[in-house]
Amino acid sequence: MALDGIVISNLVYELNQVLENARISKIAQPETDELLFTCKGPNGQARLAISASASLPFVYLTQENKQSPLQAPTFCMVLRKHIANGKILRIYQPGFERIINFEIEHLNELGDLCKKTLIVELMGKHSNIIFCNEDGTIIDSIKRISSATSSIREVLPGREYFIPATQGEKQNPLECTRESFVATLSDKAMSINKAIYTSFTGISPLIANEIAYRANLDGDAAVASLSEAELLHLANNFCWFMEDITEHKYTPNIVRKGKEPVDYSSVKLTMYDAGISPNNDESSEHSISNYATISEVLESYYAEKNVYSRIRQKSVDLRKIVSTALERNVKKYDLQLKQQKDAEKKDKYKLYGELLQAYGYGVEEGAKFVEVENYYDDNKLIKIPLDETISALENSKKYFEKYGKLKRTSEALDSLIEETHNQILHLESIQNALDIAVSSDDLVQIKEELMEYGFIKKNHSSKKEKTKSKPFHYRSTDGYDIYVGKNNYQNDELSFKIATGNDWWFHAKGIPGSHVILKANNEELPDRVFEEAGRLAGYYSKGRDNEKIEIDYLQKKNLKKPSGAAPGFVVYYTNYSLMIEPDITGLELVEE
């Protein structure tokens with residue numbers, strides 16, 4: 001995420017276009033750290049959302065309204081007292097910092113014109129909204145910071161407002177020349193990326209990577225490795241980049257990995273177009289969506305990010321249960337395989353027992369071993385260890401007892417190993433279901449499965465939760481319906497209730513994944529629809545991050561479910577295969 005000086009610059013430009021000379025008609029504080037202004041002006045009515053959240057601070061224009069508490073918080077009341085019906089004179093960004101200042105004109109109690117400044121600091125966990133007099137004295141803030149909390153700056157009524165000094169006194173990039181850029185970076189003993197974002201205000205690591213990429217340089221390379229020409233070329237690209245910002249040439253966009261938003265920016269991120277991620281994440285292709293305004297970007301990004309964050313948070317406990325059970329079963333499986341390998345010695349002990357019965361009469365008393373002919377192997381000599389304290393026939397009996405014990409162990413292990421292996425496959429399939437869950441309803445079904453199979457203790461007093469979770473529904477390029485199960489219950493339902501005999505079933509070969517059903521409608525299908533269904537089967541499997549993945553597919557009538565098998569477990573004996581890239585870009589998800 002890159003709420004940097006460049007995004008702030010874009011926001012300030014956009015807000016000035018809409019809110020300059022607008023009057024604040026309504027002030028609300030729907031959350032403890034969030035404000036919502038309704039403004040009316042020459043450009044009509046607009047709503048401004050401002051958040052000082054430590055995890056997701058933001059400022060953007062929105063059409064959405066939020067319900068306010070019945071009793072307004074103190075900070076909201078202070079703002080209403082001073083700037084209700086106030087006019088926004090200008091909005092500006094001081095020194096390319098992650099700060100937006102709103103200069104507001106209003107009438108005081110005596111009817112005189114006064115000015116106040118609402119300062120929004122968008123600095124991660126240090127974010128705040130501070131309300132000041134014209135002389136810079138703090139009237140109040142949405143978060144009050146005492147000296148006990150911060151030794152650098154108090155944010156309390158009556159204190160003087162100042163911008164906290166940035167680390168190393170960073171330079172304003174808008175005022176940087178080629179010469180000063182070269183002089184600043186040339187003595188930096190660090191990577192190119194780090195040298196850029198630690199030297200200039202408002203430049204994030206994301207933007208530093210982009211500038212290095214535009215200069216055809218590896219951002220992780222050391223500054224000291226650059227030639228004089230390369231450093232000058234980097235300076236040129238930096239200055240050209242900042243000229244675009246000065247001229248307000250913005251391209252608001254969101255970068256997604258699959259469907260999850262991972263980055264956003266106000267400039268074109270050419271490194272993503274080239275398949276390069278600043279985090280060296282080559283596991284999946286990224287897609288870029290452009291937007292008309294930065295407000296649309298921020299509103300969409302935070303809404304989508306909240307969905308993923310909320311689901312991940314809600315699934316933490318379930319993930320822990322599954323991973324713990326999986327780890328336990330993997331250890332048990334390894335131990336059982338080792339025991340099975342030990343049990344393979346049983347046939348050797350049976351042979352020893354038989355040979356000693358045949359040749360034991362000739363063994364000397366107290367011998368530690370005997371060499372006899374193995375009539376099962378062309379009478380080759382075989383050396384048999386003996387317990388010298390007992391007779392040869394008693395040694396034979398002892399070997400037969402070892403054989404019997406290992407035989408019983410081996411027979412028991414065969415079924416135990418199969419049971420443990422199936423348990424591992426079941427848990428891995430649940431793990432995959434957690435990875436693709438997109439709503440609380442999806443998690444309800446997964447929790448029910450964990451309770452049914454004893455991974456979570458059943459609460460008999462609680463009623464079964466109702467769920468609205470449904471399989472993903474996609475429509476192919478040629479208009480055919482494709483359904484994807486989100487969990488094992490849905491996989492069973494799709495494969496054995498929704499699918500008919502001539503429909504096609506798809507699944508990633510040999511790895512946990514969703515059942516994918518392609519509705520054939522008793523028609524002969526084009527090749528393209530098979531590939532698209534295969535891509536879905538690959539994407540919604542544990543192999544989604546592979547470059548290529550093998551997909552098995554067959555008609556539903558050839559699919560069988562063993563009696564007593566766990567949900568989602570099927571068998572088949574004839575199938576087709578295809579190799580695909582697990583990329584579902586361009587496939588239409590049908591909203592239901």
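How far is the sulfur of Cys 132 from the closest cysteine sulfur, and in which residue does that closest sulfur lie? The distance is 15 Å, and the partner is Cys 114, so the two atoms are too far apart for a bond. The structure examined here is a predicted model, in which local features need pLDDT of at least 70 and side-chain atom pairs count only at pLDDT 80 or more, while totals for chains, interfaces and linings use all residues. Residues are numbered from 1 along each chain as its sequence is written, and side-chain values use heavy atoms, with hydrogens and water left out.

A disulfide is a covalent bond between the sulfur atoms of two cysteines. With a disulfide defined as a pair of cysteine sulfur atoms within 2.5 Å, a search of the whole structure gives 0 of them. Seen from Cys 114, the closest cysteine sulfur is that of Cys 132, at 15 Å, which is too far for a bond. Burial was assigned from relative accessible area, with a 1.4 Å probe and protein chains only (buried, under 20%; exposed, over 50%; partly exposed, in between). Cys 132 is buried, at 2%, and Cys 114 also counts as buried, at 18%.

The secondary structure consists of 14 helices and 21 strands; these are DSSP runs numbered from the N terminus, with helices being H or I of at least four residues and strands E of at least two. The protein has a radius of gyration of 35 Å, whereas a compact globule of 592 residues would have one near 25 Å. This radius is taken over C-alpha atoms, and the globule rule is 2.2 Å times the number of residues to the power 0.38. The C-alpha trace spans about 125 × 60 × 50 Å along its principal axes.

Of the 592 residues, 48% count as buried. Among contacts (heavy atoms within 4.5 Å) with a separation of 6 or more, 62% join residues 24 or more positions apart.

Several loop residues were examined individually. Leu 156 is in the loop between strand 9 (138–141) and helix 3 (178–185). Leaving aside residues up to four places away in sequence, Leu 156 touches Ile 138, Arg 144, Ile 145 and Ser 146. From Leu 156 to Asp 342 the C-alpha to C-alpha distance is 73 Å, across 186 residues of sequence. Glu 581 lies in the loop between strand 20 (576–580) and strand 21 (588–589) and is partly exposed, at 41% relative accessibility. Glu 581 and Lys 548 are 33 residues apart in sequence, and their C-alpha atoms are 4.7 Å apart in space.

Most residues other than glycine have a negative phi. Asn 216, which is not a glycine, has a positive phi near 60°. Asn 216 is located in the loop between helix 5 (205–214) and helix 6 (228–246), and counts as exposed at 68% relative accessibility. His 248 likewise has a positive phi, of about 60°, without being a glycine. The position of His 248 is in the loop between helix 6 and strand 10 (253–257), where the residue is partly exposed, with a relative accessible area of 36%.
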